[in-house]
Amino acid sequence: MWRRTWTIFKARNHEFFRDKSSLGWNFVFPFLVIAGFSFIFNEDNKTMYKVGIVHSDNPAVTSRESSGNLNHYNNFKKSRYIEFIEFKTNAMAMDKLRHHRIDFLIDPDSRQYWVSKSSPTGYVVEKLFYSDSRSMIGDFKKQSIDGSEVRYVEWLFPGIMGMNVMFSALFGVGFVVVRYRKNGVLKRLSVTPLKPYEFLTAQIISRMYVILFTTFIVFVGCMVLFRFDCLGTYLNLVIIFSLGGFSMISLGLVVASRSSSEEFANGILNLLTWPMMFLSEVWFSLEGAHPWVQKFSRLLPLTQLIDGARKIMNDGAGLFEIRQQLIALTVMSCIFMLMGSMLFKWHKD
Amino acid sequence: MHTPILDVKNLVKWYPEVKAVDDISFSIEQGICFGLLGPNGAGKTTTIEVIEGIMPAGSGTILYKGKSRGTVFHEEVGIQLQDTELPMFLTVKETLETYRNLYRRKANLDDLIETCHLNEILHQDNRHISGGQKQRLLLAMALANDPDLIFLDEPTTGLDPQARRYLWNIVDLIKSKKRTLILTTHYMEEAQILCDRIAIMDYGKIITTGSPTELLEEHCKGATLNLQSNISNKILDKLPWKWFRVRDRIEIQTDEINTCIKILLEQDIDLSTMTVRSQNLEDLFLKLTGKQLRT
C-alpha cells in the first residue's frame, strides 16, 4: 500500500512544486495581504473616515463675520483616524460625496457642511463634528490597557494564514482531483492496482506537506518582516494548523468526490470559501453580529482553526485551552473524510 | 486444451436507452493479437472497458485465465485507454517510473524505453511531446508491469501515417515476445497487418470472427471494381454482384471480373477511370454491414 501511496505522493508534489504560478501564488499571496493590511491599518495610517474640505468659490462669503470663530472646525481637524482631503472645486467634492468616496464634506469659509443621508459613516462623522472635544464626560477617567496590546498585524496574521490554508486545501485538492477526473488521469489510474484509499491518502499527505511547508516559509518570512511574537508554543501552532488543514483537505475531497466539471467544482468551492472568509473572523471580529451568525460561524472549520491559532499566538494558550477547537476540527475531519471516501468515484458517469 | 487467457460469455451492457453491447461471446488464446473492429459507436470501447473493469457489466461472465477477475487481473494486465491525458509537470521518465511503481511486477525500465523509442524525449515534460510520442508513452505505460494481457484501445487514431507505422512496429515487437494483445481499431489495414484473429462488431453485436485470412477467403474471394459514380441504379441493379456507393465512387464486389467488365462495356459505361484491387477487410465489412467502416 505505502509504495503506491508514496509514488502518487511524489508525483503530486512534483506537479505542485513545478507549477510556478500555483507555487508563487501560495507563497506570495499571504505576504502581500499581510503587508498590505499592516500598512493600511498601521497606527499612522489607520483611517476610519474621510472628510472632504472645500473652500468656497465665492469670495463674498469669506467675510470676517462668516469666517468668525473657527475653533470648533480646527479642533475637529485635529481628530485622529480621520483623513482630511482638500478639493479644489465644490462640484468635484460633491461628486465624491455622492459616490461615497468621502463620508463628509465641509466648507469652512461658508461654514457649511454636506452629508449623505444614506451613509452610516457620514452619520458617525456628523456626530463627531457636532461633539465638543472639550465637553465634560462626567466622572469617567481615561485609562490605558495594562500589559502588551495585541497589534493589529498580530491579530490579523493567524486569520490570513488560516485563509491561505483554506484556499490551498480546498482548491489544491478539490480542483485538482476534478481536473484529473475530467482529463482521464483518474480513469487511467483506476485500471492499475492503485486503490481509491491509497490515492486519497496520497492526495491528503501531499497537500498537508505543501500546506505545512508554505505556512512555515510564510510564517518565518512574516516574523522577520513584521517582527511579531507568538506567545504560545510553535508545536501547538503546528498541531492546530495541521488539524485545520486536514479538516479542509477532507472537505475538498467531498467536493472532488464525483464531479468532473471544473466549472461546477469552482462554483462549489467559491460557495464554501467566500462565506468562510467573511464569517470566520479573518478580517474582522463577529462580536455584536446576530447570534445565529455567530453560531453558524462555529460550524466552519476555518473559524475553529483561526480561533485556535489566535489563542496560541496572541494569548499563549496551550492545547487544553484550545481543546474545543481541536475536538471540533477532529469531528469535522472525520465526517468529511467519511463522506469523501464514500462518495468517491474514479471516473465520470 | 489450453485455458484461454480471456473468456467472455454473453456480455451485455446497457446505457440509458441504448444496448451498447448485445450478448457477445468470444475467447482469446494466449499469445495472439485479437482485434475488435467496427465503426465508431459499434460498442468496441464499451466492450473492452467492461472487460478492463472500468465499468460494470449488465450481465454475462468474464474470466481471466479461467477465473473471475480480481486483484491479480489488475496486476497482470496493461491498458492503453483511448482518451487520457498524461500527468502534468512530469517528465516522460518520471511518468514511466510512477506507473511502474504502482505494480508489484515491473518491466525493465531500459527495455521499456528502448522498445517504445522514448530515449530522445526521456527528460521532456509530458506537456511538450507530440501526439505520436504521447501514444508511445501511453503504450510504454501499458507495458510498465510487463503484462500478460495488453489492451490497446484505438492506439493509432489521430496519428499521421508515419507515426502509425512506427507504432505498428512496436506492437509487432510486443507480439514477438508472445504477449497477448486486444486491439480495437477502425482501421482495417491495421487489423489486417497486426491481428491474428478479429471480431467485427456493429450495433453492439459481433457479426463475424476469424483470422483475417480465413475471413477474406470465406467472404472476399474476388476483386473490387472501383468506378466513377454517374451510373444509374437501374444498370447496377441488373448486376448479379453486390455494389455500393462509397463517397463519390461506386464499388462492385465480384468474383467474376471478366464477366463484370464485359457487362459494363455492353452497357456503354466508361471504364477509363476504373481501378481493380483484391478485396480486403474493408470490403468484408461493407459486405457484412452494407456501410463504410469509417463513419
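**Reading the sheet of chain B**

Among contacts in chain B between residues at least 6 apart in sequence, 70% join residues at least 24 apart (contact: C-beta atoms, placed from the backbone, within 7 Å). This is a predicted model, in which local features need pLDDT of at least 70, side-chain atom pairs count only at pLDDT 80 or more, and totals for chains, interfaces and linings use all residues. Residues are numbered from 1 along each chain as its sequence is written, while chains are lettered from A and ligands numbered from 1 in the order in which they are written.

Q: How many helices and strands are there in chain B?
A: Helices (H or I, at least four residues) and strands (E, at least two) are DSSP runs, numbered from the N terminus. Chain B has 11 helices and 14 strands.

Q: In what order do the six strands of the open sheet stand?
A: Two strands pair if DSSP finds at least two bridges between them. In chain B the order is 6-7-8-3-9-10, with mixed pairing. Strand 6 (77-80) and strand 10 (205-210) of chain B each have a single partner strand, so one side of each lacks a neighbour in the sheet.

Q: In which sense do strand 3 and strand 8 of chain B pair?
A: Strand 3 (residues 33-37) and strand 8 (residues 180-185) of chain B run parallel over five bridges. Cys33(B) has Leu181(B) as its bridge partner in strand 8.

Q: Which strands does helix 5 of chain B touch?
A: Axes are lines fitted to C-alpha atoms, for helices over the stretch in contact, and angles run from 0 to 180 degrees between N-to-C directions. Helix 5 (residues 131-142) packs on the sheet against strand 6 and strand 7 (149-153) of chain B, and its direction makes about 160 degrees with that of strand 6.

Definitions and conventions. Two residues are in contact if their C-beta atoms, placed from the backbone, lie within 7 Å.
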